[in-house]
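Let's take a friendly look at the charged side chains of a protein. Here is the structure to keep beside you as you read.

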Amino acid sequence: VAAANDVTLAVCTAPGEGKLPARVIGPDALHQETRGKGANVRHVTNIIPEWEPAEGLLVVEVITPGGNTSSYPPHKHDQDNLPHESLLEETYYHRFNPPQGFGFQRVYTDDRSLDEAMAIEDGDVTLVPRGYHPCATTHGYDLYYLNVMAGPKRTWKFHNAKEHEWLLKA
């Protein structure tokens, strides 16, 4: 890779067999959507969604406006239990606008054998090996994250935390 200007480059990888050729994914190939409502609105750009060819990766960019939550209500995808839930590990690469902003992310399981609450700042990467993983940004600071998922089956089927599912009907 050669850059004519300063660049932040993310290299996203997952195991594969090399069955598909490398390709450039230009802006015209991206699918954008807005998810959520109220203080749960976020803007999603699907870079490598499950309906596009790839061997293992699912990749999206998300912009969460200041004061909003994302990956919320809490959901998980840590069981190979299709068609109800898929097993996917996940990383979040966080950026803030303006960059001195901060937010929070919690990664936890039902039995709390994993229960980590983290302050996130510009440039942080969080790992979600399993469990629920909501995040929130503070007022005045938009949160961008590059979200990369991979697992044994390349599909995104998630399970919402039952105690928070009522929010989807509110």
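This briefing goes through the salt bridges, pair by pair.

The model is a predicted one. Across the whole structure, a search turns up 8 salt bridges. As background, side chains of opposite charge can pair when their charged atoms come close.

**A pair at the surface**
- Glutamate 17 and lysine 19 form a salt bridge, with their closest N and O atoms 3.3 Å apart.
- Glutamate 17 is exposed, at a relative accessible area of 63%.
- Lysine 19 is exposed too, with a value of 61%.

**Aspartate 80 and lysine 153**
- These two side chains meet in a salt bridge at 3.0 Å, N to O.
- Aspartate 80 sits in strand β6 (residues 78-81), while lysine 153 belongs to the loop between β13 (142-150) and β14 (159-160), so the pair ties together parts 73 residues apart in sequence.
- Aspartate 80 is partly exposed, with 45% relative accessibility, and lysine 153 is partly exposed at 40%.

**Aspartate 122 and arginine 95**
- A salt bridge joins the side chains of aspartate 122 and arginine 95, with 3.0 Å from N to O.
- Arginine 95 is part of strand β8 (residues 89-97) and aspartate 122 is in the loop between β10 (115-121) and β11 (125-128), so this pair ties together parts that are 27 residues apart in sequence.
- Aspartate 122 counts as partly exposed at 25% relative accessibility, and arginine 95 is partly exposed with 29%.

**A network**
- Which residues are linked in a network of salt bridges? They are Lys76, Asp78 and Glu85.

Conventions: Residues are numbered from 1 along each chain as its sequence is written. This is a predicted model: local features need pLDDT of at least 70, side-chain atom pairs count only at pLDDT 80 or more; totals for chains, interfaces and linings use all residues. Side-chain values use heavy atoms; hydrogens and water are left out. A salt bridge is a side-chain nitrogen of Lys or Arg within 4 Å of a carboxyl oxygen of Asp or Glu. Buried means under 20% relative accessible area, exposed over 50%, partly exposed in between (1.4 Å probe, protein chains only). Helices (H or I, at least four residues) and strands (E, at least two) are DSSP runs, numbered from the N terminus.
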